[in-house]
Amino acid sequence: EFSDSPRNPPMVLITEFRIAIPCSVDEYPVGQLYSTAKMSEQATTGDEGVEILTNEPYEKDGEKGQYTKKIYHLGNKMPGWAAAICPKDLKKLEEDAWNAFPNCKTVITSPYFGQKFEIKIESKHLPFDGTYHENVHGLEGDLLKKRQITYIDLANDELDQKDMTASTGVVNDVSCGPPLLWVPM
């Protein structure tokens, strides 16, 4: 959400990605943990990249999971001239994440913009038998009307050759459990 004054209501975009993944609900958390750790490691050099402030179990309202708080230092991701003139707080994002698989919630904020900027990602991981669950997040009224749905099938959608690199990790022959439907919003 982004708003520059109380007179301007926040801009709310609701996009639901329905992503069919060629692995089971049980296999997914292992891959998610590995890929998150690998991305953090690759993006971190010196005082740039991902800083993990908190990584601890949580329990709230009967839900149990793992809570993490991270800071993404973005200075090395910006052109040099932009990094040189930007305030320090503009060059970082803060992430609070609650992973209670199969339900996950991530909130990304900017210290620079304060309450004016927030990205919320809520995910549900469901077994996928070829049919999509309607309104998996239980949206109502205007929120349901605003929702846009994008379908992605990681096993069957064609990849553009220009997007493929040695580090993409594309595997053509995947043999694992029944597919998973990941529905982030």
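**Rings, strands and a buried serine**

Mentor: Y112, F113 and F117 form one aromatic cluster. Keep in mind that this is a predicted model.

Trainee: How many aromatic pairs does the structure hold?

Mentor: There are 5 aromatic pairs. One of them is Y28 with F101, and that pair is stacked.

Trainee: What are the numbers for Y28 and F101?

Mentor: Centre to centre, the rings of Y28 and F101 are 6.0 Å apart, with 20° between the planes.

Trainee: Where do the two partners sit?

Mentor: Y28 is in helix α1, and F101 is in the loop between β4 and β5. The two are 73 residues apart, so the pair links distant parts of the chain.

Trainee: Is Y28 buried or exposed?

Mentor: Y28 is buried, at a relative accessible area of 11%. F101 is partly exposed, at 27%.

Trainee: What about Y67 and W98, stacked or tilted?

Mentor: Tilted, because their planes stand at 45°. Their ring centres are 5.5 Å apart.

Trainee: New topic. How do β3 and β4 run?

Mentor: Antiparallel, joined by 8 bridges. T68 stands opposite A97 in β4.

Trainee: What joins β2 to β3?

Mentor: 11 bridges, and these strands also run antiparallel. E59 has K64 in β3 as its bridge partner. The two strands form a hairpin with 2 residues between them.

Trainee: Which residue in that turn has a positive phi?

Mentor: D61, with a phi of about 50°.

Trainee: Back to helix α1. Where does S40 lie, and what does it touch?

Mentor: S40 lies in α1, which covers residues 28-43. Leaving aside residues up to four places away in sequence, S40 touches V50 and K70. S40 is buried, with a relative accessible area of 10%.

Trainee: Now zoom out. How many helices and strands are there?

Mentor: The chain has 3 helices and 8 strands. From the N terminus, the order is β-α-β-β-α-β-β-β-α-β-β.

Trainee: How much of the chain counts as buried?

Mentor: 28% of its 185 residues. The chain exposes about 12,600 Å², and carbon and sulfur atoms supply 55% of that area.

Trainee: What about contacts along the sequence?

Mentor: Take contacts between residues at least 6 apart in sequence: 55% of them join residues at least 24 apart.

Definitions and conventions: Residues are numbered from 1 along each chain as its sequence is written. This is a predicted model: local features need pLDDT of at least 70, side-chain atom pairs count only at pLDDT 80 or more; totals for chains, interfaces and linings use all residues. Side-chain values use heavy atoms; hydrogens and water are left out. Helices (H or I, at least four residues) and strands (E, at least two) are DSSP runs, numbered from the N terminus. Buried means under 20% relative accessible area, exposed over 50%, partly exposed in between (1.4 Å probe, protein chains only). Contact means heavy atoms within 4.5 Å. Accessible areas come from the Shrake-Rupley method with a 1.4 Å probe; for residues, only the protein chains shown count as cover. Two strands pair if DSSP finds at least two bridges between them. Rings of Phe, Tyr and Trp (its six-membered ring) pair if their centres lie within 6.5 Å; planes under 30 degrees apart count as stacked, over 60 as edge-to-face and the rest as tilted.
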